Amino acid sequence: MTDSRPVRDGGTLTVALNADPDKLDPSLAQTLVGRTVFAGMCEKLYDINQQGAVVPQLAAAQPETSTDGRTVTVRVRRGLKFSDGTGLDADSVVTSLLRHRDLPGSARATELAPVTSVRATGRYTVQLKLSRPYTPLTGVLADRAGMVMSPTALRKYGKNFTNHPSCVGPFRFVERVGGDRIVLEKDPGYYDAAHVHLNKVIYKPIPDGGVRLANLRSGDVQVGDQMAPVDVRSALTEPGLQLFNSPSLGYQGIGLNVGNTKGLGQKPGKPGTPIARDVRVREAFDLSIDRELLNKVVFQGMYEPACGPISPESTIAPGVQPSHCPRRDVAKAKALLKAAGVRTPLRIEFKVSTTPESSRIGQVVQAMAKEAGFDVVLRPMEYATLLSETDDGHYDAFTSGWSGRLDPDGNISNFLQTRGAMNAYGYGDPQTDRLIERGRSEADPAERTRIYRELSKRVTAAHALIYLYRQRNYVVATKSVSGVAVYGDGLVRVKSAGYTR
Amino acid sequence: MTKYLLTRVRQSLITLFLVSVVVFAGIRALPGDPALAMAGEERSPAALAAIRRSYGLDDNIVVQYGRYIGHALTGDLGNSSRTGLPVADAIGAALPITLELSALALLLATVLGIGAGVIAAVRRGKPAEWFANAVALLGLSVPTFWLGMVLVLGFAIALPVFAASGFVPFGTDPLDNLRRMVLPSIVLGSGLAAVVMRQTRAAMLDSLSADYVRTARAKGLSQRAVVGGHALRNSLVTVVTVLGLQLGHLISGAVVTEQIFVLPGFGKLTIDAVFTRDYATLQGVVLCTSAAYILINLLVDVLYSVIDPRIRLGGAR
């Protein structure tokens, strides 16, 4: 969503974030909130547009893939300059891609794992060799793995690049005061500087939604990112504020332990609980939940019910529309439990994080599941502890969510592939694994859509992860500001933003 | 006095060392893997192993402590595992903010608390005392977060006199600094003002009924000289003790206030470090807070003797 009222040049825009970003190093960065800051200063080889389609950004055109799918050629735009004044060419792209893949602790290593070699075949042409056809690569290069860092800055600062990030972007890094602010200023050397209006952008972490809203109302900040439904409702009554929103590509749901007995990344085992043993029990649990009602009660109806890993908004392989999600059916759930031969009420320990929203989800699920014959016991836990326990397999059920990726593979493979890097559920199914591999190597969009539809159906039927809802990205801004853009990836783009004339 | 000071400094250093051991072990005993907290949502066993290796988290705890204390002695408190910024810099940036906030809150609490306490004692049984008592009770009962939000609504949104958030150093723009610090100082200082008021009132009532005050009055001294010069001076020993103890609480109490007003002070730094399992930052802030407590206690003891020369430290005569 964008606001296209004309703006004047100059001014400082303060964007309130819901958390303090982690490292400002595209190879090491892990947080969603960090991606918003990168959107201001680090462009990528590809980006997404308002419709959610991948478009070239630092690249001159769409990537060219060889017929065997194992060679990808990326042509880079000419005349681009990093914020430190040095020029961007194919060698800079090679340096960055190899660093993303090989730097110890790189969060990009997994997504670039199929890349066996990267080399410059011309001053502005880069060739990537792949171990196997890997269609999600373009989507990957439209995220942090596609950010190109200044090789000069990398050489100069090494591990400390995080405190002196230098990329190509409308704004360049000025300073960071941990927990307080990240300051960017307009980069006069940016190729499209004529369309950049603001002099400065300040990103300010304000974790409390109420405080973010109070600051928007007082005018101390002009843009509030990731606003919670309750604050959005309140902001809507404010004449000086405007709302942007976009559907998210991720999902939120309940992870069930179906085979995690030895920890993350290990061979699935048999936990021995009724919920792990019998898919009918899991289906009964799923059928006991009313997704519409959950959305109304917990999120004031401002999110969207979900029942699959892929967002219906995905341009690559649209997922199931909320209206097609299965309805709550307590009678069927009871019948399934009876057929599975379990004694009711069946006790399930449900680990939820300590946030108010997570607790409310737990309570609503607890109340709904009770009617079908489940005794859901809530175990609120601090987030890092919850991750640690669930990765180790010490749980029955937990709140499991993902911010989402452009390519559907990013929402499925790591979670549901046997021994996948984030398969905390212990789910292992050879047919699912085969479909994941086919989805990754298939280039034809229509065929990919078919594969992901089948894959969604299969993983939904396994009920290892019960998809409940999809968040919407809500961004509130003061009406004095225009040109702020919010697309499907949920990032706040400030390149064209400015104060209205 | 010198001997006493040296003994106290030695005791303080031992305490600080013990604190560092307890903090180090305590933080590591917390449930939850710091590597997981650092890895965010994109965690894979390989990435987790790399994080553990790069932060030395897979070493023996004694080795980790040795390495930490060795660096800490040279002033290097390590780098934040989350942001990569040096912890010493983060503390250096956060500390002045919390100190300014605490100092302003303390100033407010002292002026209002002592003033109201004296009036309440001198005007005992009169409406002034009831009023002061009622306000003090309110100051003690109102939750910080609520008062903060109400003040923001009233004085930053409805009547935009003050800012709702953020910090500007006093040296950069003194007026803007005060515009941003007044509301948080009121929030933080209100509870303390109430405590100080009650302590002052009680101590003043004791003093005013003491023989030396009666003697002073008999000598024909003015009311101002009796209250200010005799009763108040003697009452201040109790008040200073309370203030000293409360100053430590102020620094830790600043946590909520800093969250409400988005002040990047010590409290906010601590909370962020806890939630992200940022060991290095957490250790740094706890060590600094402990050092501050120890120093304040020492200063309060020394202040006793300055206010009341009859108190001799270390048993010296």
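Residues count from 1 along each chain as its sequence is written, with chains lettered from A in the order in which they are written. Because the model is predicted, local features need pLDDT of at least 70 and side-chain atom pairs count only at pLDDT 80 or more, while totals for chains, interfaces and linings use all residues; side-chain values use heavy atoms, with hydrogens and water left out.

**Stop 1: charged pairs in chain A**

Select Arg99(A) and Asp25(A), which form a salt bridge with the closest N and O atoms 2.7 Å apart. Arg99(A) sits in helix α2 (residues 90-102), and Asp25(A) in the loop between β2 (12-17) and α1 (32-41), 74 residues apart. A salt bridge here is a side-chain nitrogen of Lys or Arg within 4 Å of a carboxyl oxygen of Asp or Glu; helices (H or I, at least four residues) and strands (E, at least two) are DSSP runs, numbered from the N terminus. Arg99(A) is buried at 13% relative accessible area, and Asp25(A) is buried at 0%. Buried means under 20%, exposed over 50% and partly exposed in between (1.4 Å probe, protein chains only).

Next, pick Lys204(A) and Asp180(A), joined by a salt bridge of 2.9 Å, N to O. Lys204(A) belongs to strand β11 (residues 200-205) and Asp180(A) to the loop between β9 (171-177) and β10 (181-186), so the pair ties together parts 24 residues apart in sequence. Both Lys204(A) and Asp180(A) are buried.

For a network of salt bridges, show Arg35(A), Asp143(A), Arg144(A) and Arg405(A).

**Stop 2**

Move to Asp231(A) in helix α6 (residues 229-236). Asp231(A) is buried but has no salt bridge, and the nearest side chain of opposite charge, Arg212(A), is 5.5 Å away. (Lys and Arg count as positive, Asp and Glu as negative; His and the chain ends are not counted.)

**Stop 3: the second largest cavity**

Finally, select Val177(A), Gly178(A) and Gly179(A) together with Ala90(B), Ala93(B) and Lys268(B), which are among the residues lining the second largest cavity. A cavity is a set of points on a 1 Å grid over the protein atoms alone where a 1.4 Å probe fits but cannot get out; lining residues have an atom within 4 Å of a point. Helix α5(B) gives the most to this lining, with four residues.

Terms used:
On a 1 Å grid over the protein atoms alone, a cavity is a set of points where a 1.4 Å probe fits but cannot get out, and a pocket is an open set with protein on both sides within 12 Å along at least five of seven lines; lining residues have an atom within 4 Å of a point.
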